[in-house]
Amino acid sequence: MQHDKILILDFGSQVTQLIARRVREAQVYCEIHPNDVSEDFIRAFNPRGIILSGSHASTYEDHQLRAPQQVWDLGVPVLGICYGMQTMAVQLGGSVEWSDHREFGYAEVRAHGHTKLLDGVEDFRTAEGHGMLKVWMSHGDKVTTLPPGFKLMASTPSCPIAGMADEARGYYAVQFHPEVTHTLQGHAMLDRFVRGICGCKGDWIMGDYIEEAVARIREQVGDEEVILGLSGGVDSSVAAALIHRAIGDQLTCVFVDHGLLRLNEGRMVMEMFAGRLHAKVVHVEAAEQFMGHLQGVTDPEQKRKIIGREFVEVFKAEAAKLKAADASAKGAKWLAQGTIYPDVVESGGTQTKKATIKSHHNVGGLPEQLGLKLLEPLRELFKDEVRELGVALGLPHDMVYRHPFPGPGLGVRILGEVKAEFAALLQRADHIFIEELRKTVDEATGKTWYDLTSQAFTVFLPVKSVGVMGDGRTYDYVVALRAVQTSDFMTADWAELPYSLLKRVSSRIINEVRGINRVTYDVSSKPPATIEWE
């Protein structure tokens with residue numbers, strides 16, 4: 001590739017990928033690599049600038065988490081974020097100490113020194129005329145001594161050095177997180193760094209990515225056959241379209257109905273892909289197989305692993321069938337998946353040490369006995385980039401902007417043991433919720449609440465509550481409605497749905513789905529909660 005590039009060194013933060021997303025929003029190409037990459041790698045990468053991420057660690061506890069010396073010797077601008085600021089300070093002669101006043105969440109930061117990074121970037125001014133920024137903090141340590149050559153760039157009452165800069169060398173650092181949406185001017189800061197300070201051209205667009213991804217897929221696959229696990233969700237759909245663009249009939253989509261899909265999902269998927277896209281699709285009925293292995297299992301991680309394992313078994317069997325169907329055929333050599341980067345991050349699936357939040361069935365490669373190589377063309381993309389790519393590939397809007405659906409399906413939306421009867425109740429309740437979201441228009445925006453929410457679904461709770469219908473007592477199950485708004489799926493706020501909508505959904509579910517007599521609404525944000533309950 002001939003793009004200007006930014007190198008992001010990952011020290012283990014859960015939100016490092018958001019840095020990449022913001023950089024790409026500025027139409028600048030970037031890649032994320034572990035903080036301990038070799039100095040030869042950095043030289044060969046030839047970045048126009050380097051960004052150092054945050055971390056869960058402390059600079060005085062983990063001395064392995066340091067930026068390579070080549071970062072400082074390369075002569076390009078460097079931006080340190082949170083831990084990235086702290087390691088910059090320590091490595092260049094400053095000091096970092098434990099703070100007795102930790103900051104997690106909203107903060108107001110005062111800008112100092114009129115640095116190029118923050119010049120003209122502010123949210124409001126104080127009565128004294130000080131420029132202020134509304135930011136998101138997440139740190140327990142703080143820089144206490146500036147390195148030689150640095151000046152103060154930002155501060156808060158509890159963090160006197162919340163930003164520092166050595167503009168002669170192009171080094172900038174902030175204690176807060178400009179990559180998250182809660183930092184209102186974060187996009188402007190990162191755009192200023194990569195475009196204004198590093199001088200990168202804005203030449204990274206999805207049209208370019210299609211051409212490069214198609215070439216990469218063709219180079220990887222050659223004339224070999226590929227099977228793809230198709231769920232009907234956005235990610236696997238866009239992956240299928242991209243791979244089909246690259247290799248055509250060498251791709252066979254395998255749609256597995258494990259009994260944990262949305263209502264009428266099987267029929268819709270077949271109509272969409274076999275009917276509209278004319279792709280080769282094999283429909284596998286495997287509900288009995290999956291349900292049998294999930295019997296008695298309540299632990300979320302175990303459920304995810306079982307579902308992932310059974311997917312592998314199904315794909316292995318289908319690959320063998322494809323080969324057996326034609327004695328002269330080479331058989332499938334590749335398994336393609338719609339893995340995207342948030343999956344990888346939450347699974348701790350990068351080389352950098354992270355705290356694992358939950359595993360994803362489509363992350364981490366395939367068991368050796370499967371005998372297939374792994375093809376993941378969306379692995380480095382965020383959800384919004386996947387949608388943009390889908391539109392660029394010519395997929396229908398309603399397909400591309402359909403809400404995400406987890407790979408394990410309703411298996412992680414049924415809390416506790418998964419049973420067929422629970423799945424049937426949940427499918428109907430969820431269908432009612434989505435139907436009402438699609439029908440209800442917000443007067444202020446003119447959009448439906450389905451379009452105004454990024455992801456909405458229903459969760460089945462394995463508890464019963466007492467109710468009354470007519471003159472009779474009921475003792476039935478409870479479901480929870482979940483709807484969030486987010487731009488990156490790494491952080492999310494619960495959607496403030498109209499009471500009238502919630503009332504209508506609750507009434508319909510209780511009256512139309514026999515077996516459910518109570519509906520609740522989840523008002524948790526991410527973090528601290530995750531979007532899915534399991």
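Start by selecting Asp-4: this residue is buried, with a relative accessible area of 9% (buried means under 20% relative accessible area, exposed over 50%, partly exposed in between, with a 1.4 Å probe and protein chains only). You are looking at a predicted model, where local features need pLDDT of at least 70, side-chain atom pairs count only at pLDDT 80 or more, and totals for chains, interfaces and linings use all residues. Residues are numbered from 1 along each chain as its sequence is written, and side-chain values use heavy atoms, with hydrogens and water left out.

Asp-4 and Arg-48 form a salt bridge, their closest N and O atoms 3.4 Å apart (a side-chain nitrogen of Lys or Arg within 4 Å of a carboxyl oxygen of Asp or Glu). The partners sit 44 residues apart, Asp-4 in the segment before β1 and Arg-48 in the loop between α2 and β3 (helices, H or I, have at least four residues and strands, E, at least two; both are DSSP runs numbered from the N terminus).

Next, pick Glu-385 and Arg-24, whose side chains meet in a salt bridge at 3.2 Å, N to O. This pair joins helix α12 to helix α1, 361 residues apart. Glu-385 is buried at 5%, and Arg-24 is buried at 9%.

Finally, colour strand β11, residues 225–230. Ile-227 stands opposite Leu-335 in β14, while Val-226 faces Leu-251 in β12.

Conventions:
Two strands pair if DSSP finds at least two bridges between them.
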